[in-house]
Amino acid sequence: MRVVTRYLVLLFLFASIAGTVYWFVTYEAIGTILLLGFACTPAIIVVYAIRHGSMSERRPDDDAEADPATEAGEVLGPFPAETVWPIFLVLGTIVTGASLIYGLILAPVGAALLIWAVLGFTRESRG
Amino acid sequence: MTTILDRRRQAPSPRRGPGVVHRLVSTDHKNIGILYCVSAFAFFLVGGSLAEVMRLELMEPSRQIVSNEAYNTLFTIHGTVMIFLFVAPFATGLANYLIPLQVGAPDMAFPRLNLSSFYFYIGGGILVLLAGVAAAGQAAAMGWTAYPPLSEMRLSPGVGPDLWILGLVLVVISNVLNGVNILTTVFLMRAPGMTMWRLPVFTWNMVVVAILGLVAFPPAAAGLTLLLIGRRLGGLVYDAAAGGDPTIYQHLFWFLGHPEVYILILPFFGVITEIIPVFSRKPLFGYTGFLLATLTIGMLSTGVWAHHMFTTGVIVNPFFAAMTLLIAVPTGVKFFNWIGSMWGGKIWFAVPMLFSIGFMLNFLIGGVTGVMLASPALDYQAHDTYFVVAHFHYTMLGGSVFGIFAAIYFWFPKMTGVMLSEKLGRVVFAMLFVGFNLTFWPQFVLGQRGMPRRYVDYASGLGYDTPNLVSSVGAYLLGVAVMVFLVDVWRSLRRRTPAGDDPWGGYSLEWATSSPPPEHNFDELPKIRSLRPAFDRQHPELTP
């Protein structure tokens with residue numbers, strides 16, 4: 001098991017125990033849900049890692065004697081050193097959110113900006 | 001790590017040069033880190049100016065310059081800006097710049113997500129500022145905690161509170177995206193040999209901060225969204241008259257709000273723990289103990305949120321008092337690490353070290369008063385008085401902001417390739433240290449004498465006059481210190497005294513590359529065999 005997985009298991013255990021103790025000490029629902037929700041966060045990653053076996057392999061970064069030259073990886077193709085789409089993504093989010101304040105007439109504009117930004121990101125990813 | 005390194009090397013993307021437009025759209029982590037730091041500092045100037053206006057108003061009894069409503073807006077926007085738009089984003093900027101360098105990676109794991117996160121932060125920040133300048137009677141003026149029923153439409157009308165909520169939700173999104181990016185980078189992109197137990201302490205602390213962010217920010221976003229739904233769509237979750245419960249909001253808010261204190265301070269624990277050993281010419285004392293203390297603080301900080309709710313009467317006070325007292329133990333361990341690292345060392349009192357020592361002294365007072373407030377009996381007396389204001393500022397301004405200045409003086413040469421002035425830096429430190437203590441120590445006295453926070457005015461003859469006057473004078477000294485610092489930065493960038501790659505004799509990996517580093521960070525990565533790879537490279541004769 002990779003080192004990181006062990007940390008995440010530790011976090012899961014802590015939050016589970018804290019949530020359980022909190023419930024029996026206070027019988028207060030909101031805090032209990034929050035703490036158990038905290039437990040779920042690392043648990044989701046751990047379950048994913050274990051199911052896909054991606055955390056079981058020993059990696060050069062866990063090897064105290066590894067050399068930088070041991071490194072070799074898959075080539076995925078280019079990715080952009082510059083991008084403008086985050087700006088449109090945020091603008092779309094703001095306009096969509098503002099539709100709750102200034103009127104739902106803004107919602108289609110915000111949605112259009114969001115879709116445009118997501119399409120832009122996707123097109124950019126494909127080079 | 002290899003994947004991204006290889007694809008970048010094999011298929012480099014064209015660049016348009018280092019113009020302003022390129023800076024605004026570049027996905028290079030170093031560029032994004034600098035954007036964060038500069039923007040956060042700009043927000044600091046805004047938030048600090050609002051504080052100066054408040055101190056001007058409070059310098060003497062009776063109302064002089066701002067209306068009641070304007071004063072409420074001032075402290076609402078001041079608190080929000082300083083916490084969510086200055087300290088935390090500055091730490092994010094440092095993390096963006098330093099983490100890939102410290103772990104030996106060519107960039108963050110998700111560069112475009114990284115830039116998106118920056119723009120979510122800027123968008124949120126602009127909305128928060130707009131919330132403060134909305135038309136008269138419509139600005140956000142419900143305090144940075146925005147408790148219902150005060151933040152409901154009938155008591156806080158207008159668009160200001162809505163813009164404030166929307167702005168904070170964007171900041172939350174930014175923080176969550178950052179958390180994902182930091183964790184993925186550290187967990188999956190470390191250089192060969194950079195095991196988790198060789199990670200620099202700053203990076204380790206940012207890992208804990210990222211986890212805290214992922215755990216604590218989403219509930220706050222839920223709480224804020226429910227508030228917006230209540231204001232605009234008639235939601236009743238917080239409406240006691242309709243069977244709702246306003247304390248649900250307090251739980252959701254403080255489940256972020258208290259870990260947020262550690263989100264704000266842990267990065268700077270990391271910063272000064274990087275600095276102190278370097279300027280003591282010794283290895284860090286008790287690396288493992290330091291990391292275990294950081295992990296313990298991170299975990300315990302998720303169980304202390306309701307100590308802000310002692311006086312509500314709806315929580316089990318002893319549980320939260322015990323958890324809060326417990327968290328002082330790992331925090332105390334860190335003081336032993338710092339003192340142990342200095343003990344017997346050849347201490348070099350350069351400006352980063354001065355700020356680190358200032359941090360320790362100020363934070364100690366903030367921490368000890370925090371332990372006092374963990375006692376419900378005392379908290380009932382001090383709640384909503386200036387004692388709490390002083391305690392909080394001793395941790396955040398005396399702690400985090402001194403950490404920020406330490407970080408700037410330490411890593412500015414790495415980021416820009418030029419040195420800041422030692423002489424002016426000492427002046428800035430002296431003015432900040434004296435100004436800070438002049439401003440906030442009298443506020444302990446005010447709190448002890450019962451002066452409530454968030455009041456625009458006070459009567460003369462209650463023992464409030466002199467401490468308020470001294471506090472305001474201190475605040476202006478702080479303002480002057482920040483101006484001197486800006487002059488220092490401006491002069492240094494004009495004069496361009498070369499820093500060299502490693503002006504301090506640093507230990508961690510970022511000191512093993514050029515200043516500023518090349519686009520993909522390292523022309524050649526050194527072997528990593530200890531906690532101090534840069535030191536090992538400089539002194540191979542001392543390497544085990």
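P516(B) lies in the loop of chain B between helix 15 (465-495) and helix 16 (533-538); helices here are DSSP runs of H or I with at least four residues, numbered from the N terminus. The peptide bond that leads from S515(B) into P516(B) is cis, with omega near -10°. The model is predicted, local features need pLDDT of at least 70, side-chain atom pairs count only at pLDDT 80 or more, and totals for chains, interfaces and linings use all residues. Residues are numbered from 1 along each chain as its sequence is written, chains are lettered from A in the order in which they are written, and side-chain values use heavy atoms, with hydrogens and water left out.

Another cis peptide bond joins P148(B) to P149(B), with omega near 10°. P149(B) sits in the loop between helix 5 (111-132) and helix 6 (160-188) of chain B.

In chain A, Y27(A) has phi near 50° and is placed between helix 1 (3-26) and helix 2 (29-52). Y27(A) is exposed, with a relative accessible area of 54%. In chain B, phi of R454(B) is near 65°, and R454(B) belongs to the loop between helix 14 (422-448) and helix 15. R454(B) is partly exposed, at 28% relative accessibility. On this scale buried means under 20% relative accessible area, exposed over 50%, and partly exposed in between, using a 1.4 Å probe and protein chains only.

The two chains also touch each other. Chain B brings 64 residues to the contact and chain A 57 residues, where contact means heavy atoms within 4.5 Å. About 5,500 Å² is buried between them, 71% of it from carbon and sulfur atoms; this is the accessible area (1.4 Å probe) lost when the two parts are put together, summed over both.

Across this interface there are 5 salt bridges, each a side-chain nitrogen of Lys or Arg within 4 Å of a carboxyl oxygen of Asp or Glu. The side chains of R112(B) and E124(A) form a salt bridge, at 2.7 Å from N to O.

On the side of chain B that touches chain A, the helices that each supply at least two residues include helix 5, helix 6 and helix 8 (246-280). Helix 5 of chain B gives the largest share, 8 residues. By residue type, this side of chain B divides into 38 nonpolar, 13 polar and 13 charged, with Ala, Val, Leu, Ile, Met, Phe, Trp, Tyr, Cys and Pro counted as nonpolar, Asp, Glu, Lys and Arg as charged, and the others, Gly among them, as polar.
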